[in-house]
Amino acid sequence: MDVLALVLMIIGAINWGLIGLFRFDLVAGIFGGMTSVVSRIIYTIVGLAGVWGITMLFRRSADRTARKE
């Protein structure tokens, strides 16, 4: 699950980079605009992957703390 979340976060970061640099939303371009159902589903999945990434950050911190003890 962590690897899938990381891949989705990378896709989201690349999409945001394209928006910032070129004003081009790749997801919207491929799936028919920002308001299409498929685009909204993809944005939601990428957002959930970002939330999962937050849990990965705290798990790493907890692992480091446990190893020190």
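Partly exposed means a relative accessible area between the buried limit, under 20%, and the exposed limit, over 50%. Keep that in mind for the first stop. The model is predicted.

**Stop 1: Thr55.** Select Thr55, in helix α3, which spans residues 37-68. Its relative accessible area is 33%, so Thr55 counts as partly exposed. Asp2 is 53 residues from Thr55 along the chain, yet their C-alpha atoms are separated by 9.7 Å.

**Stop 2: the nonpolar patch.** Select Leu21, Phe22, Phe24, Leu26, Ile30, Phe31 and Val38, and show the surface. These residues form a nonpolar patch with about 710 Å² of accessible area together. Colour by helix next. Both α1 (2-22) and α2 (26-31) supply at least two residues each. Which helix gives the most to the patch? Helix α2 does, with three residues.

Stay here and pick Phe22, in helix α1. Phe22 is exposed, because its relative accessible area is 60% and the cut-off for exposed is over 50%.

**Stop 3: the largest pocket.** Move to Gly12, Asn15, Trp16, Tyr43 and Val46, the lining residues that lie nearest the centre of the largest pocket. In total, 13 residues line this pocket. The elements giving two or more residues to its lining are α1 and α3. The largest share, six residues, comes from α1. The pocket volume is about 230 Å³.

Finish by colouring the lining by class. What does the lining hold, by class? Nine residues are nonpolar, three are polar and one is charged.

Technical notes. Residues numbered from 1 in each chain as written. Predicted model: local features only at pLDDT ≥ 70, side-chain atom pairs only at ≥ 80, totals over all residues. Heavy atoms only, no water. Helix = DSSP H or I, 4+ residues; strand = E, 2+ residues; numbered from the N terminus. Buried < 20%, exposed > 50% of the residue type's maximum accessible area, 1.4 Å probe, protein only. Patch = residues over 30% accessible without salt bridge, like charges linked within 9 Å, V, L, I, M, F, W, Y side chains within 5 Å. Areas by Shrake-Rupley, 256 points an atom, 1.4 Å probe, with all protein chains shown as cover. Salt bridge = Lys/Arg side-chain N within 4 Å of Asp/Glu carboxyl O. 1 Å grid on protein atoms, 1.4 Å probe; cavity = no way out; pocket = protein on both sides within 12 Å on 5 of 7 lines; lining within 4 Å. Points joined across faces, edges and corners; volume = space filled by probe spheres on them. Nonpolar A, V, L, I, M, F, W, Y, C, P; charged D, E, K, R; others polar.
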